[in-house]
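Hi there,

Here is the structure I promised to pass on. Have a look at it first, and then read on for what turned up.

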Amino acid sequence: MEGISHDPGPTPPVSGWRCGEFVLEPASRRLLRDGNEIKVEDRVFDLIMLLLLHRDRALDRREIIDTLWGARPVSDATLRQLVHKARRALDN
């Protein structure tokens, strides 16, 4: 299973994060809304986690791609689709 392989920045809390009705549990790789699990692809989870870990600053396109895909080439359309899926998961 792939995950955030490059410097992920700050270490997440053991229990996870809570924001309103959402809970992100890094250890179990689960995203919950009002206690109900929202199924997301691994890379979508990784993107949400990456953005949460670096919530104090904006991440540029290259940093996101390098962190989530490493040296593999990724199109803008692929990145846009991933962001769309993350937004949809958080906007259910």
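T67 counts as buried because its relative accessibility is 6%, below the 20% cut-off. Please keep in mind that this is a predicted model. T67 belongs to helix α2, which covers residues 61-69, and the T67 side chain comes within 2.8 Å of the backbone oxygen of E63.

Now to the sheet. It is open and has four antiparallel strands, ordered β1-β2-β3-β4. The edge positions go to β1 (17-19) and β4 (36-38); each has a single partner strand, so one side of each lacks a neighbour in the sheet. From one strand to the next, the twist averages 25°.

Going through the pairs:

- β1 and β2 are joined by three antiparallel bridges, and W17 has L24 in β2 as its bridge partner. Their hairpin has two residues between the strands, and G20 there adopts a positive phi near 60°.
- β2 and β3 run antiparallel with four bridges, and L24 sits opposite L31 in β3. This hairpin has four residues between the strands, with R29 at a positive phi near 55°.
- β3 (residues 30-33) and β4 share three bridges, again antiparallel; R33 is partnered by N36 in β4.

Helix α1 (residues 42-53) packs on the sheet and touches β1, β2 (22-25) and β3, its direction making about 100° with that of β2.

What covers β2, one face or both? Both faces are covered: F22 and L24 are buried on one side, V23 and E25 on the other. In a regular strand, side chains alternate between the two faces of the sheet.

Best wishes

Definitions and conventions
Residues are numbered from 1 along each chain as its sequence is written. This is a predicted model: local features need pLDDT of at least 70, side-chain atom pairs count only at pLDDT 80 or more; totals for chains, interfaces and linings use all residues. Side-chain values use heavy atoms; hydrogens and water are left out. Buried means under 20% relative accessible area, exposed over 50%, partly exposed in between (1.4 Å probe, protein chains only). A polar contact is a pair of N or O atoms within 3.5 Å; within protein, one must be able to donate a hydrogen and the other to accept it, and residues adjacent in sequence count only if both atoms are side-chain atoms. Two strands pair if DSSP finds at least two bridges between them. Axes are lines fitted to C-alpha atoms, for helices over the stretch in contact, and angles run from 0 to 180 degrees between N-to-C directions. Contact means heavy atoms within 4.5 Å.
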